[in-house]
Amino acid sequence: MKTLNKMFLVIFALTFFVMCTKQEDKNILKIGEFGSLTGSEATFGVSTHEGIMLAIDELNAAGGIQGKKLKIITVDDQGKAEEAATAVTKLITSDGVIAILGEVASSRSLAAAPIAQRYQIPMISPSSTNPKVTQVGDYIFRTCFIDPFQGKVMANFAIHKLKAKRVAILRDVKSDYSVGLAEFFKKTFEENGGKIVSDISYTGGDVEFKAQLTTIRSKKVDAIFVPGYYTEVGLIARQAKELGIKAPLLGGDGWDSERLTEIAGNALDNSYFSNHYSPESTDPKVIDFVSRYKKVYGKIPDGLAAMGYDAALILIEALKQTKNQTPQEIRAALANIKNFQAVTGNISFNDQRDAEKAAVVIVVKNKKFSFIETVHP
Ligand code: PHE
């Protein structure tokens with residue numbers, strides 16, 4: 001009799017325990033995040049993560065969604081496409097996340113998106129701008145503009161503001177982002193009578209660019225378009241200066257990192273790039289975001305942090321519209337979002353699940369980024 005009692009007690013305790021954990025699971029919504037927290041694009045992943053966490057912590061502190069708290073499960077893909085695919089597979093099949101935030105770099109979003117699509121788990125990229133990313137399928141969204149627009153912005157800037165006629169392009173052949181943006185820039189620049197006098201490539205991870213830059217130097221260029229990421233762009237700028245090249249460099253959002261000028265020194269003075277936002281904006285939403293972010297992280301948020309924050313806000317908004325927070329409901333709610341007032345602009349998804357937002361042009365001066373102009377689509 002005694003042993004039977006004990007057995008009941010154990011069974012009762014176990015059942016209670018299982019019920020409790022189940023109960024707890026029900027009150028937690030698991031969201032996956034994958035990004036480059038280490039590697040040569042580490043500031044992209046870290047800033048994005050900080051932006052995401054700010055939004056999630058604010059939501060949880062305010063009570064969560066229908067009493068449920070959001071839990072972010074973050075995986076570092078080290079800036080590698082294969083790791084990005086593995087990360088997303090793990091987040092879906094072993095962690096059981098209901099939605100995914102990531103990646104920044106287009107090549108890594110492209111490696112992961114087919115997996116999210118296959119499992120029908122909504123994925124929102126905060127800042128991958130290559131058009132192919134959302135073409136993977138109807139579960140893939142992005143909260144940023146795309147490269148045909150960004151390329152056009154910089155080509156128009158080169159022609160109308162810099163009066164550039166002869167431009168060289170130096171592109172990263174390993175990056176879908178870089179190759180796409182180079183093509184889109186070239187198209188608008190040539191359509192407006194500009195001449196691409198040299199179009200050469202490098203490979204992400206390279207550290208020596210003098211051969212390409214020597215070729216470019218011989219072409220008497222007005223500007224050099226380098227649609228790469230900050231680590232290589234910083235080195236390219238340095239080496240261009242060492243070779244006596246005076247022409248400004250032009251680029252895109254991939255330049256956005258405090259590491260850029262740490263690597264380049266003053267070699268990027270009077271160079272320009274397009275981006276998603278400027279912390280100098282006088283928009284009250286930006287001012288408010290910058291101050292909240294500064295309070296938590298003690299620094300000014302770069303574009304990636306703002307984009308991470310907005311992607312998380314959009315996901316939260318979609319979750320609020322659902323009854324049971326199923327991936328299917330989340331997908332449908334995302335597709336319906338119209339004119340959502342985010343920090344980096346108003347977000348509506350078009351038929352292709354891309355956001356159509358304004359871009360800003362930034363000048364680099366004394367190792368600092370300053371706002372030049374806003375360009376609307
Ligand atoms: N747009 C870049 C890409 O698609 C990533 C990026 C976004 C980098 C914003 C920096 C800032 O690969």
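The ligand is surrounded by 13 residues, where a residue counts if one of its heavy atoms lies within 4 Å of the molecule, and the closest are Ser106, Ser127, Thr129, Tyr229 and Asp253. This is a predicted model, in which local features need pLDDT of at least 70 and side-chain atom pairs count only at pLDDT 80 or more, while totals for chains, interfaces and linings use all residues. Residues are numbered from 1 along each chain as its sequence is written, and side-chain values use heavy atoms, with hydrogens and water left out.

By class, the shell holds six nonpolar, six polar and one charged residues, with Asp, Glu, Lys and Arg counted as charged, Ala, Val, Leu, Ile, Met, Phe, Trp, Tyr, Cys and Pro as nonpolar, and the others, Gly among them, as polar.

| Side chain | Ligand atom | Distance |
|---|---|---|
| Ser106 | oxygen | 2.5 Å |
| Tyr229 | oxygen | 2.5 Å |
| Asp253 | nitrogen | 2.7 Å |

Taken alone, the ligand exposes 330 Å², of which the protein buries 100%, with accessible areas from the Shrake-Rupley method and a 1.4 Å probe.

The domain assignment, which is automatic or from a database, gives domain 1 (12-145 + 282-358) and domain 2 (148-275). Both domains give residues to the shell around the ligand, so the ligand lies between them. The centres of domain 1 and domain 2, taken over C-alpha atoms, are separated by 30 Å, and 20 residues of domain 1 are in contact (heavy atoms within 4.5 Å) with 18 residues of domain 2.

Terms used. A polar contact is a pair of N or O atoms within 3.5 Å; within protein, one must be able to donate a hydrogen and the other to accept it, and residues adjacent in sequence count only if both atoms are side-chain atoms.
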